[in-house]
Amino acid sequence: MIRIREAILVEGRYDKNTLSQIVDTTILEASGFGIFKNKELMNLLRRIAQSRGLIVLTDSDGAGFVIRNHIKSAIPAQYLKHAYIPEIPGKERRKSTPGKEGILGVEGMTPEVILEVLRRAGATFDDDPPSNAHGITKQDLYELGLSGGANSALLRKKLIEKLDFPKHLSANALLDALNLLYDLNELKCIVETLEL
């Protein structure tokens, strides 16, 4: 598993699944064209991009470029890197027929191709362990009352609102976002300001 400093944005869950078997970094989903309507996700992407950089890795079809261009227009260029997969004819294993344009998407690429396009995009390959190797954990969320307690759901909702995160973040996605943007002490201070 190759560690990359920047977070990576892909179109959907199958792309995320493919990438998560190759690289060790936070991988975010655009939910296809859903990103156009999700202002909260765009705000989160902007914050993550400013904090540690964001690599945009979409399919090389028309839809992929529409999504990529939307991201380009919403996030300053100095925080973005663009990884382009080659146009290879074919279809993904899970599909019975090829896509509209007949080319493989991110999920159909080999690990070697993905690593090469990330290198060409300028991804920062980290050999050192992350500085927050002991970042915020699920246990920390429990101890702060954000999970496993009577008012945990309400407290989590208030935290998500305060941080302007997407409302429908899963617990794991919330943990990823917190680790990208905050350390444990910062989170403790924020939680202390929340009122039930």
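**Close-up views of a predicted model**

**View 1. Strand β5, helix α3 and strand β6 form a right-handed β-α-β unit.** In this predicted model, the unit is built from β5, from helix α3, which spans residues 62-74, and from β6. The two strands of the unit, β5 and β6 (residues 80-84), also pair with each other in the parallel sense, and five bridges join them. One of the residue pairs to look for is Thr58 with its bridge partner Tyr84, which lies in β6.

**View 2. Strand β2 pairs with β5 and with β4.** The pairing of β2 with β5 (residues 54-58) is parallel and runs over three bridges, and the pairing of β2 with β4 (residues 27-29) is likewise parallel, with three bridges.

**View 3. Strand β2, made of residues 7-10, is covered on both of its faces.** Ala7 and Leu9 are buried on one side of the strand, and Ile8 and Val10 are buried on the other.

**View 4. Helices α2 and α7 cross in a left-handed manner.** The axes of α2 (residues 39-52) and α7 (residues 171-181) come within 9 Å and cross at roughly 40 degrees. Because angles under 35 degrees count as roughly parallel and those from 65 to 115 as roughly perpendicular, the two helices α2 and α7 are therefore described as oblique to each other. Where they meet, α2 contributes Leu44, Arg47, Ile48, Ser51 and Arg52, and α7 contributes Ala177, Leu180 and Leu181.

Definitions and conventions:
Residues are numbered from 1 along each chain as its sequence is written. This is a predicted model: local features need pLDDT of at least 70, side-chain atom pairs count only at pLDDT 80 or more; totals for chains, interfaces and linings use all residues. Side-chain values use heavy atoms; hydrogens and water are left out. Buried means under 20% relative accessible area, exposed over 50%, partly exposed in between (1.4 Å probe, protein chains only). Helices (H or I, at least four residues) and strands (E, at least two) are DSSP runs, numbered from the N terminus. Two strands pair if DSSP finds at least two bridges between them. A crossover is right-handed if, with the strands pointing away from the viewer, the path from the first strand over the helix to the second runs clockwise. Axes are lines fitted to C-alpha atoms, for helices over the stretch in contact, and angles run from 0 to 180 degrees between N-to-C directions. Angles under 35 degrees count as roughly parallel, over 145 as roughly antiparallel, 65 to 115 as roughly perpendicular and the rest as oblique. A crossing is left-handed if the near helix is turned anticlockwise from the far one by less than a right angle, and right-handed if clockwise. Contact means heavy atoms within 4.5 Å.
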